[in-house]
Amino acid sequence: MIRVQTILISRYPANLAAGLLVSFGGVLALALATRMFTPTASSGAAEAGVMFYGYLLYTCLSNSLWRIGYSLRQDQIQGTMEGLYLTPAPKFASLISRAVPLFVLTATGAALALAAVNLIVGQLPAHNLGLAAVVFVCSVVGTLGLGFCFAAYCLVAGDTASSTLNLIEFGLLVVCAMFFPFGVLPEVVRWFSRLIPLSYCVDAFRSTLLGFPPGFPELAPIRIELAIVIAYALAAPVLGYAFFRVVERRLRENGRLGQY
Amino acid sequence: MGSHAPLPRPTVRAGLEIAAWAVYARYRELAGYPGWFLLDVFIPIITAAVPILLGRAAGGANAAANFSQRAGTSNYAAFLLIGANTFLMTLRAFWDIGLWLRNEQQTGTLESLYTTPADRRWILVGLAGFNLARGLVNFALSFVLGCLVFSVNPGQGNYVIAMAFLSVGVIPLYALSLFYGALVLRLKETNALIQIAQSLLTLAMGIYYPVTVLPPLARALALLVPPTWMTNGMRAALLDTGYLLGAWSRDLAVLAAMCLIGPPLAFSIFRRTERSLQRGAGMGEF
């Protein structure tokens, strides 16, 4: 099923180019924005690192939320969803396979963006790569759970899901402080940040790569954050998929699975 | 059998009626999704909030002073809000024309429109007019709300000149979006094409920075894009950041020149794309 999704994506070169450029353009603009606020003599590498490493997780979140749900919605509109349900293919594989090829594309775009940011602000700090990789993988796995939940919502809400998704995406961007330190958020917002596991993923990931400078991690000691990240990776996909199956079963029973 | 009398030439009044009906149809279509309107008010605020918060973290107590050295104003919140709002307005122009064309193609109603005697240009004028009105309302609401959120005085600067830049700038902007619409019809890819435009415009328009910080080649390319002049002109008028050619009249003259060149060129390209498609597989193929 990953192969099917890969073929689908590769048949539309404009989509490939768009996927790369979106990663590249957005982060480059933010890197230039960061330079606007740093002293002329300073490179702003540390601040750019805060922005860029949070951006990496943001792209994974965005892929999970958009790709899985949107892809299912397209199947609903095209009428191929019910056909898929007649096959013996596991539903979990059907959901995961929609996001995997895009992660590869996003990784390529992120590599380009990293090169561009390094060109603008100088070498970004990159410490504890092994631990950072573990945190990253756990975070990505955890965001798949969010993707499953949103996919269920897409099946129910139809076209209006996109505006809800935008709100959720932007809300998480701010509350989970993906592009800036948690310290600049008002205390009341930080209170909400502490309730969302993704915040700890963001904080742990960039604190690890920045080499734990003073004040980082910001939300909790790194051991607690790592425990939350791992628990998030284990629980979120299971709970998200369970929610998806409940909604999907309800729609099937009502005969609405193929309706749009 | 007698000869048929030629069809009467369509009048401007008839064209305006067509445009008015296009406005009404688009309004009815979008009225079912009030959430999108609200989203358009909040997205620029969040788009501006990200670099504002990032900048405060990066610059600390000297954030405003550091920003002023590069941008010519310490009022970075208003600077970024103007950029974010003009960016969304630009994106809306691209999305609304391109997406409308593509949706009509996919639902099969585009060919029906082509069989009517209505001049398609008036339909596009109506669509652009509605989207523009919606964009201006969103701009005003979002800018004022953003100023309240970031404690910025929304009433500062020369609004007359700022409005002049906005009013003149939207004409070549919609011409650009029509050109993009022709691309969407030809390539039959909406999301990808608009995302590419979005990425390029993010860099070219200077949403978060003045275009003068870009390398020379990038700056030259950015100056070919009407929204760049529009954004810079509004910032210069409201925040006194400086005009690209030294005076507002010169910058406005460049935008006016784009108004003269843009729409006829865009209509010409659109018409050629239409004819090419009609000779081939037809407008309805998607």
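Which helix of chain B has the lowest confidence, and which has the highest? Helix H5 (residues 110-115) of chain B is lowest, at a mean of 73. Helix H10 (residues 226-239) of chain B is highest, at 94. These scores belong to a predicted model. The predictor gives the complex an ipTM of 0.82 and a pTM of 0.82.

**Confidence in chain B**
- The average pLDDT of chain B is 85.
- In chain B, 94% of the residues score at least 70.

**Make-up and dimensions of chain B**
- Chain B contains 11 helices and 0 strands.
- Read from the N terminus, its elements run α-α-α-α-α-α-α-α-α-α-α.
- The C-alpha trace of chain B spans about 85 × 40 × 35 Å along its principal axes.

**A helix pair in chain B: H4 and H6**
- Two packed helices are described by the angle between their axes and the distance between the axes.
- Helix H4 (residues 76-107) of chain B packs with helix H6 (residues 120-149) of chain B at an angle of about 155°.
- The axes of H4(B) and H6(B) are 10 Å apart.
- Angles over 145 degrees count as roughly antiparallel, and H4(B) and H6(B) are therefore roughly antiparallel to each other.
- The crossing of H4(B) and H6(B) is right-handed.
- On the H4(B) side, the contact is made by B:Ala78, B:Leu81, B:Asn85, B:Met89, B:Arg92, B:Ala93, B:Asp96, B:Ile97 and B:Trp100.
- On the H6(B) side, the residues they meet are B:Leu127, B:Ala128, B:Asn131, B:Gly135, B:Phe139, B:Ser142, B:Phe143, B:Gly146 and B:Cys147.
- Sorted by class, this contact of H4(B) with H6(B) has 11 nonpolar, 5 polar and 2 charged residues.

**Where chain A touches chain B**
- Contact between the chains involves 36 residues of chain A and 37 residues of chain B.
- On the chain A side, the elements giving two or more residues are helix H2 (13-37), helix H3 (45-78) and helix H7 (161-175) of chain A.
- H2(A) gives the most to this side, with 17 residues.
- By class, the side of chain A that touches chain B has 24 nonpolar, 11 polar and 1 charged residues.

Notes:
Residues numbered from 1 in each chain as written. Chains lettered and ligands numbered in written order. Predicted model: local features only at pLDDT ≥ 70, side-chain atom pairs only at ≥ 80, totals over all residues. Axes fitted to C-alpha atoms, helices over the stretch in contact; angles between N-to-C directions. Helix = DSSP H or I, 4+ residues; strand = E, 2+ residues; numbered from the N terminus. Parallel < 35°, antiparallel > 145°, perpendicular 65-115°, else oblique. Left-handed = near helix turned anticlockwise from the far one by under 90°. Contact = placed C-beta atoms within 7 Å. Nonpolar A, V, L, I, M, F, W, Y, C, P; charged D, E, K, R; others polar. pLDDT = per-residue confidence, 0-100.
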